[in-house]
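Here are my notes on this model. Please read them alongside the coordinates.

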Amino acid sequence: MTIAAWWEGFAPYVPGFLSASWLVFVISVLAIVVSWICGLVAALAKSSRFAAFRQASAFYIWFIRGTPTLIQIFIVYFGLPQLGLRMSPFVAGVLALGFNGGAYIAEIVRAGLSAIPKGQMESSAALGMSRFQIMSRIILPQVFRIILPPVTNEAITMLKNTSLLSTITVVELTLYSQTIIATTFRPFEFYIATAVIYLVMTTVLSQFAMRLERHYGRYA
């Protein structure tokens with residue numbers, strides 16, 4: 001088959017691939033926001049003075065990190081409706097991926113905070129700085145530089161995990177490819193096209209993170 005003949009057969013599906021790619025992007029962004037909310041809450045709860053908060057956070061992290069992401073998606077989409085919590089596949093997918101990522105973000109944030117010497121906060125307080133000034137000007141900028149690489153890896157993992165949402169009928173790249181293959185019987189080229197699109201998206205995300213690392217590395 002010539003390139004021209006291949007493109008003639010592939011071109012009609014390009015708009016669908018673009019639409020599915022945009023959906024992957026939107027789901028990823030929303031899931032990352034949810035994961036950061038869950039992760040920060042869990043990280044703060046784990047360092048709380050209250051035992052109940054620490055235990056709840058520990059259980060959340062233990063459960064999420066110890067069970068498959070696909071099972072968590074099924075619990076949110078198929079299990080919660082039995083408790084009266086019904087939601088669309090899109091919302092269920094965003095929440096499931098966000099809850100999943102939150103457990104890893106919590107551990108990343110906790111590790112980042114632990115890497116900062118306690119003497120920095122004590123010396124800053126001795127200079128008369130408020131707790132807000134210490135966190136915003138001294139601690140958090142250092143934590144951000146430390147956790148940027150693992151946070152980027154988690155974002156890439158979350159983007160790739162959007163493919164699992166095809167199991168709950170979210171028409172993202174994987175499910176869109178499967179519907180085309182079911183009618184064209186051309187799995188190789190369409191799965192390759194899907195893989196290339198994911199590869200482009202993860203590469204762009206990685207390059208963006210590298211630029212941030214170089215930028216903040218100048219102030220280290």
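1. First, a term. Helices here are DSSP runs of H or I with at least four residues, numbered from the N terminus. Read that way along the sequence, the protein chain runs α-α-α-α-α-α-α-α-α. That gives 9 helices and 0 strands. Keep in mind that this is a predicted model.

2. Overall dimensions. Along the principal axes, the C-alpha atoms of the protein chain fill a box of roughly 75 × 50 × 25 Å. Of the 220 residues in the protein chain, 36% are buried.

3. Surface and contacts. The protein chain exposes about 12900 Å². Carbon and sulfur atoms supply 71% of that area. As for contacts between residues at least 6 apart in sequence, 74% join residues at least 24 apart.

4. How do α5 and α7 cross? Helix α5 covers residues 89–114, and helix α7 covers residues 131–161. Their axes come within 9 Å and cross at roughly 155°. Angles over 145 degrees count as roughly antiparallel, so α5 is roughly antiparallel to α7. The crossing of α5 past α7 is right-handed.

5. Which residues of α5 and α7 meet? From α5 come L97, N100, G101, Y104, I105, I108, V109, G112 and L113. On the α7 side they meet I139, V143, I146, I147, P150, V151, E154, M158 and N161. By class, the residues of this contact are 13 nonpolar, 4 polar and 1 charged.

Key:
Residues are numbered from 1 along each chain as its sequence is written. This is a predicted model: local features need pLDDT of at least 70, side-chain atom pairs count only at pLDDT 80 or more; totals for chains, interfaces and linings use all residues. Side-chain values use heavy atoms; hydrogens and water are left out. Axes are lines fitted to C-alpha atoms, for helices over the stretch in contact, and angles run from 0 to 180 degrees between N-to-C directions. Helices (H or I, at least four residues) and strands (E, at least two) are DSSP runs, numbered from the N terminus. Angles under 35 degrees count as roughly parallel, over 145 as roughly antiparallel, 65 to 115 as roughly perpendicular and the rest as oblique. A crossing is left-handed if the near helix is turned anticlockwise from the far one by less than a right angle, and right-handed if clockwise. Contact means heavy atoms within 4.5 Å. Ala, Val, Leu, Ile, Met, Phe, Trp, Tyr, Cys and Pro count as nonpolar, Asp, Glu, Lys and Arg as charged, and the others, Gly among them, as polar. Buried means under 20% relative accessible area, exposed over 50%, partly exposed in between (1.4 Å probe, protein chains only). Accessible areas come from the Shrake-Rupley method with a 1.4 Å probe; for residues, only the protein chains shown count as cover.
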